[in-house]
Amino acid sequence: MIKVPYSGRLITFEGGEGAGKSTQQGLLAHRLRARGLEVVTTREPGGCPLAEEIRRWVVHGQAGTITARTELLLLLAARVEHVHQVIWPALQRGAWVLCDRFLDSTLAYQGYGRGLDLVLVQQWHTWAVGSLLPDRTLWLDVAPAIGLARVGLVRPAGWAQDRFEQETLAFHQRVQDGFQTLAQASPDRIRRVDAALAPEQVANQIGMALHDLFSDT
Ligand code: TMP
C-alpha cells in the first residue's frame, strides 16, 4: 500500500453491538456537509463490492462456523480492497471519510474477543494497509447487555441474529473491555463517548471530541 500525504480526515466509529454508530455517522455527515465539506460515509467489513461480498461470509451465518484465523484474514482482505478503492482516494481528494468500524474493531473482536494474539493482529493489519491510522476514533461506549437488547428491538421481524450477535455475553464483554483498554492506551486518537445517552446528546459529545479537527479546516 503506497503511503502518501493526504489532506482529508479519517474518522472511525467503534463500539460493541447496538452502540448507535450508524445513526451518529449519519448525523455527523449531515453536519460536516453543512460546513461545505466533502464527506464519504462507509463501513467495514464492506464499503466496496468485493468487501461487501466478504461481509456476507463473515457476518452472516451461524456462530462457530469460521475459525478465528480465517475470520481475521477475510476481514483484512476486505480492508485492503476498501482502503485501496475507497478510503485512500477520498483522503487524497481532501474528503472527510466517516468509517463505521476499522482497525480497533479487529483488535477488540478478533484480538480480545476471539483471543488471537494482539501483536499479530496489529502486524497483519499494518502489512495489509500500511500505517494508515484514523485521525480520530469515536468509541461509542454502551454496556453489552444494553447494546444487544437494542439490536434485538430494532431487528425487523424474521431477521436472524448475525454471527457476532449470537456470541455469548462473555464474548461481548471481552470486546467491550478491549475497546476500553485500547481507548486508555491511545487517548489522543480514541475518544470515549457515552452512547447510553439520547442520540442528540451523543452527537454533541462527538462534536466536542472532534473540535480541534474542525478548527483546522
Ligand atoms: P456492524 O454490525 O457494526 O455492521 O459490524 C458487523 C460485525 O463485524 C460486528 O459484529 C463486528 C464485526 N467485525 C469484526 O469482528 N472485526 C472487524 O474488524 C470488523 C470491521 C467488524
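Helix H5 (residues 118–129) gives the most to a nonpolar patch, with three residues. The model described here is predicted.

**Surface patch**

The patch is formed by Leu-73, Leu-120, Trp-124 and Trp-127. It lies on the surface, and its members together have about 450 Å² of accessible area. Leu-73 sits in helix H3 (residues 68–93).

**Ligand site**

How many residues surround the ligand? There are 14, and the closest are Glu-17, Arg-55, Arg-101, Thr-106 and Gln-110.

Taken alone, the ligand exposes 480 Å². The protein buries 92% of that area.

Arg-101 is one of the closest residues to the ligand. Where is Arg-101 found in the chain? It occupies the loop between strand S3 (96–100) and helix H4 (103–113). Its relative accessibility is 13%, so Arg-101 counts as buried. The cut-off for buried is under 20%. The backbone of Arg-101 also stands out: phi is near 80°, a positive value in a residue other than glycine. Most residues other than glycine have a negative phi.

**A cis peptide bond**

Which residues are joined by a cis peptide bond? The bond links Glu-44 and Pro-45, with omega at about -10°. Most peptide bonds are trans. Pro-45 belongs to the loop between strand S2 (39–43) and helix H2 (49–59).

**Leu-197**

Leu-197 lies in another loop, the one between strand S5 (190–194) and helix H8 (199–209). Leu-197 has 31% relative accessibility and therefore counts as partly exposed. What does Leu-197 touch, not counting residues up to four places away in sequence? Its contacts are Val-202 and Gln-205. Helix H8 spans residues 199–209, and both contact partners carry numbers within that range. Leu-197 and Ala-95 are 102 residues apart along the chain. Their C-alpha atoms are separated by 29 Å.

Terms used. Residues are numbered from 1 along each chain as its sequence is written. This is a predicted model: local features need pLDDT of at least 70, side-chain atom pairs count only at pLDDT 80 or more; totals for chains, interfaces and linings use all residues. Side-chain values use heavy atoms; hydrogens and water are left out. Patches are made of residues with over 30% relative accessible area and no salt bridge: like charges are joined within 9 Å, nonpolar side chains (Val, Leu, Ile, Met, Phe, Trp, Tyr) within 5 Å. Accessible areas come from the Shrake-Rupley method with a 1.4 Å probe; for residues, only the protein chains shown count as cover. A salt bridge is a side-chain nitrogen of Lys or Arg within 4 Å of a carboxyl oxygen of Asp or Glu. Helices (H or I, at least four residues) and strands (E, at least two) are DSSP runs, numbered from the N terminus. A residue is near a molecule or strand if one of its heavy atoms lies within 4 Å of it. Buried means under 20% relative accessible area, exposed over 50%, partly exposed in between (1.4 Å probe, protein chains only). Contact means heavy atoms within 4.5 Å.
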